[in-house]
Each structure stands twice: as C-alpha cells, then as structure tokens.
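Reader: I have a predicted model to look at, and I would like to understand the words used for its parts. Could you take me through them?

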Amino acid sequence: MRKTLKWLGGGLLGLVLVVGGLLLVSRFWPSTTLQEEALAALETGPQRPGSNAYVALMTLHHESLDAAARRALVDALASDYGQWQQRFEAHWLENGGGMPTAPAPQLGGEPVAWVHDDALCRINEGGACLDKVRAAPEAVADALAAHAGLLERIAALSTHGHLRSELPLGPYVPLPPLQSLGLPLAAHALAHVQGDSAGALAGVCRDAGTARMLVTRSDTLVSTMIGARLLQAHARLLAAMLEEMPVDVALPAQCAAAFAPLSAAEMSGCNALRGEFEMADSLLALEARRIGRYPGGSWVFNAPRTRALQAVNLGQSCLPAAQARIAQDLPFQASQAQASVWRLECATNAIGCILGSVAAPAYEQYPRQLQDVGAELGLLNALLWLRGQPLQGSLATRLQAMPSGYASAQRPVLLAADGRGLETVLYAPRGGENRVRLPLPAALWEPAP
C-alpha cells in the first residue's frame, strides 16, 4: 500500500512538474517572426499628405454652416465622446465587459436626413447610370435640385488629401456619413445626357480622385471599401460616357491621377488595417485592465501576445512578401498558421488565442476586393490607351501591343465575345459574376466573329 501511495505521489509530483514546466514554457514562449513583422508594419504610421477631410465629411449633411461652425461641431463631439468613453470603460471594468449602457454620442446640429431617391443612380449602378438617367432626365434633375448644397460639399472633398478620425478609434466611434457619396454619379450622367460632356468628364474625374483618396489614405475599412466601390462606379460611368464620344476627345488632366493603376501597397489596404488595429487595440487594453483585476488573470490572458496575434490577423497584407504577391497580381492569401488554439503558447493565453482564432479568417477578403479594383482600373487604362492608338489592324493585335502595367499574366485584358468591350477576371466576385466588363468606344468596336 505504501509503495502504491509512494508511486502515486511520485507520479502526481511528476505530473505537476511537467504541467508547471509546460506552463512556464508557454508563458515565456517567444513571438514568431510573422507576429513581430506584422506588429511592426501596423505600428508604422502611414503618410498623410494634404489636409484632413474629417471635419468636412463628418458635417457633410449639415447645411448652411461656415468652416468655423463645422469645426465647433466636431470639437463638441470630441469632448462628448471623451466623457462617454470614460463612462463606457468604467462600465466595462465593473460589469465584466458587455455593451455600453448608452449609445455613443453623435454629431450635434441639425443634419439633413439622407434618403436615397430611386430616380438617382446607386453606387452599384455606375455602368448603368447613363441609361437610368436618360430614361427620366426630368425626375433626375428634380431629385438633384433638392441636394444642390450636398453636391457642392461632396465636390469640395477633392481638395483634401487624406481621412483620419479626430476621435480615438474604437468599436463604437462615430463614423462619417459616407452613404451619400454616390450622389454625384447621377449629376455627371445628367450633364452628359444634356450635352455638357466636358463638365461631366471633369466631375467624374474629380470625384474619382476623392474616392481614390478614401481607398488609399483613410483609416478605417468602412471608408476604404466604400471608396473602392465609388472608384469602380466612377470608372464604369467614365467608360459608359466614352463609349458615346469620339475617340479624339481629350480627357481632363485630373483623370490620369484619379484612375491611375493602384500600387501593391495601395491594394493591400494597409492604411485602413492600421486603423482597424488601433480599434482592436483600444478594446484589448481595456480587457487587459479588467482581467488583470482577478488573481491569476495573467495566466489566461496575455495582452502583448494577444496583440501580436491580432497583428497577424490584420497586418499580413502589409508585409513585403504579401505585397510582392499582390504586385504579381496573385490573389492575396493570409497565413492560417495561428488558427488553432491547441498550441503551447495558448496554455497561458487561452482567452487571447480564442479571440485571435475567431478573427483570423475575416480580413483576407478586403485585399482581394482591392485587387479587383486595381484590375478594373487596369482595364480602364487599357481602354484609354486604345483610344489613342491608330485604328489599324484588329483589336486583338492592338491589345497584344499594349504596354505592361495594365494587366497581368494571371488576369489578361480580354476582348469580349461581342467585340464591344474589354473584360478581366475577378478574385472576389459579387453577385455571382466572376468577370468585370467595360464597354469600348463605339469607334473601336470589332465585329463579332
């Protein structure tokens, strides 16, 4: 009996030592190279050229205010939000997390409620906008007249170089009202239909520049992805207008910059993902304070290690290897190496690993969608290049002579089967369509075989 007890005691002691050793190893498990690189990339502050569009966008739906009044509204919101944030953090710490007891404050003043008029073009109707406006120009004109001030304020956004929140980014931070930024599509289409094609082209390229700014130099995924859809809508509207115009009509100078091919860094969405990381960071720091109040809390939640896991979830597209892949027009792929929670490092960070594994698959789609925007801009630039070429030989022959930079070996520019458009493949298709098509100017149409 004594031998049995001694054997059991020794076995138990050995088990305790093994478990204790594993926990110590887990606690001091080093960060991976991928984690360190992703963290460094996300902590690198992005360049923010030009002025900040934040005040103009936050007050976009406020009528008849001068710059000082708009500034005062945003300053008041910042003060209110700071006080609300303190109450929210206290509630989180006292109640073990949970939703805020009161909603976050919103901008004061008297904003005009935005309700989309069905006569106007939606953001997903860029290619069909001309036909929609041509079918009911008077209704479109009436609808636009009701938003004359808003159209002016949207046009003025083109003077800004970036968008950066003046409030600390967090899960409940108020965001600018972006839902009305597609309003000018109908205005540009109407100008073209009524004979002012020069004004329509200038407006499309101006507002495409604003969309491009949101894609490349804003700090949230919401603003970046809305900017991406706006840029696609303006590209499609431009192609639709050019289909009806002579090929020798010169485009406004700002069109080249607005519709230039996107770089790999721009298609990575890294600036927006830095903002998303900042949002996650704020909640992570709060959760670390809460769990740290409990004895042994640091053995189930390691804030620095969880932060590194979140960095991998969010920052992989910022890394040189990923951007090299994007530059080759290969679809972005995120590493799933940390997806499992059954890893030794998770023994002393169980909560953090669970949080990391839940968020892991969510962000791969955004760089792919931006790659599709880049491919569509390449398609548009191929179309613009063809407009400037002599009308000699077949379209297929001319496409073969197209300069590099507009397409890739993975996604070449293809002539549509009817000879009236250019097509390419999508990596993140929506609505079941796996290709995007832009119409060619009528003078370039190739008879179908």
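Author: Gladly, and we start with residue classes: Ala, Val, Leu, Ile, Met, Phe, Trp, Tyr, Cys and Pro count as nonpolar, Asp, Glu, Lys and Arg as charged, and the others, Gly among them, as polar. This is a predicted model, where local features need pLDDT of at least 70, side-chain atom pairs count only at pLDDT 80 or more, and totals for chains, interfaces and linings use all residues. Residues are numbered from 1 along each chain as its sequence is written, and side-chain values use heavy atoms, with hydrogens and water left out.

Reader: How do the residues lining the second largest cavity divide into classes?

Author: Eight are nonpolar, three polar and two charged. The lining has 13 residues in total, and Leu163, Leu175, Pro176, Asp219 and Thr220 are the ones nearest the cavity's centre.

Reader: What makes a space a cavity and not a pocket?

Author: On a 1 Å grid over the protein atoms alone, a cavity is a set of points where a 1.4 Å probe fits but cannot get out, while a pocket is an open set with protein on both sides within 12 Å along at least five of seven lines; lining residues have an atom within 4 Å of a point. Grid points are joined across faces, edges and corners, and a volume is the space filled by probe spheres set on the points. By this rule there are four cavities of 30 Å³ or more, and the second largest cavity holds about 80 Å³.

Reader: What volume does the largest pocket have, and what lines the pocket?

Author: Its volume is about 700 Å³. Its lining has 31 residues, with Asn124, Gln232, Arg236, Glu376 and Val436 nearest the centre. By class, 14 are nonpolar, five polar and 12 charged. H10 gives the most, eight residues. Helices and strands here are DSSP runs (H or I, at least four residues, for helices; E, at least two, for strands), numbered from the N terminus.

Reader: Why are H10 and H17 called roughly parallel?

Author: Axes are lines fitted to C-alpha atoms, for helices over the stretch in contact, and angles run from 0 to 180 degrees between N-to-C directions. Angles under 35 degrees count as roughly parallel, over 145 as roughly antiparallel, 65 to 115 as roughly perpendicular and the rest as oblique. The axes of H10 (residues 221-243) and H17 (residues 365-387) come within 10 Å and cross at roughly 20 degrees. That is why H10 is roughly parallel to H17. Their crossing is also left-handed, meaning that the near helix is turned anticlockwise from the far one by less than a right angle (clockwise would be right-handed).

Reader: How do you know whether H6 and H8 are oblique or parallel?

Author: Helix H6 (residues 137-145) and H8 have axes that cross at roughly 135 degrees, so H6 and H8 are oblique to each other. In their contact (heavy atoms within 4.5 Å), H6 brings Pro137, Val140, Ala141 and Leu144, and H8 brings Ala186, Ala187 and Leu190. The classes there are seven nonpolar, no polar and no charged.

Reader: What about H8 and H10?

Author: Helix H8 (residues 184-193) packs against H10 at about 10 degrees, with the axes 11 Å apart. H8 and H10 are therefore roughly parallel to each other.
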